[in-house]
Amino acid sequence: MTSEIPRISDAEWEVMKVLWSSPVPLAASEVVQTLEHSKAWNPKTVRTLINRLVEKQALGFDPDGRTYRYYPLAKEEDCVRSETSSLLKRIYGGAMKPMLVNFLKDERLSKEDIAELQAILEQRKE
């Protein structure tokens, strides 16, 4: 895996989520089967997305007979962190406070969510 986190499109994220959630490498047909319940994508579309992710070095593969079995090279946490940072820079000029204020004003938070956020903020004070 390269040290640089690949830029992943929204559609590619759907493929990555399937592979991140699997404890074992999956064949393209298994990824297609998993996504057919939530996406109305042609199997060829999924295979194209997989190929793009391999080119971006987000996925690796092992030959298994005539089938390739795919697995993530990019860690989910790293990709999430990279996307969050990119969003913060693009939309909020890199400033965290305006993003948090905007999010907190618009989101409906449960008491548990609020308690968790307060605990995180208290930890950050220390």
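## Surroundings of Leu26

Beyond its neighbours within four places in sequence, Leu26 is in contact (heavy atoms within 4.5 Å) with Val18, Leu19, Val31, Tyr68, Arg69 and Tyr70. The model is predicted, so local features need pLDDT of at least 70 and side-chain atom pairs count only at pLDDT 80 or more, while totals for chains, interfaces and linings use all residues. Residues are numbered from 1 along each chain as its sequence is written, and side-chain values use heavy atoms, with hydrogens and water left out.

Leu26 belongs to strand β1, residues 26-27; strands (E, at least two residues) and helices (H or I, at least four) are DSSP runs, numbered from the N terminus. With a relative accessible area of 11%, Leu26 is buried. Buried means under 20% relative accessible area, exposed means over 50%, and partly exposed lies in between (1.4 Å probe, protein chains only). Leu26 and Lys39 are 13 residues apart along the chain, and their C-alpha atoms are separated by 18 Å.

## Strand β2 and Asp64

Strand β2 covers residues 59-64 and includes Asp64. Asp64 counts as partly exposed because its relative accessibility is 44%. Although Asp64 and Ala27 are 37 residues apart in sequence, their C-alpha atoms are 8.9 Å apart in space.

## The nonpolar patch

Met96, Leu100, Phe103, Leu104, Leu117 and Ile120 form a nonpolar patch on the surface, and together they have about 500 Å² of accessible area. The largest share, 4 residues, comes from α5. Leu100 lies in helix α5 and is partly exposed, at 38% relative accessibility.

Patches are made of residues with over 30% relative accessible area and no salt bridge; nonpolar side chains (Val, Leu, Ile, Met, Phe, Trp, Tyr) are joined within 5 Å and like charges within 9 Å. Accessible areas come from the Shrake-Rupley method with a 1.4 Å probe, and for residues only the protein chains shown count as cover. A salt bridge places a side-chain nitrogen of Lys or Arg within 4 Å of a carboxyl oxygen of Asp or Glu.

## The negative patch

A surface patch of negative charge gathers Asp106, Glu107, Glu112, Asp113 and Glu116. Asp and Glu count as negative and Lys and Arg as positive, with His and the chain ends not counted. The place of a charge is taken as CG of Asp, CD of Glu, NZ of Lys or CZ of Arg.

Helix α6 (residues 111-125) gives the most to the negative patch, with 3 residues. Asp113 is placed in helix α6 and is partly exposed, with a relative accessible area of 32%.
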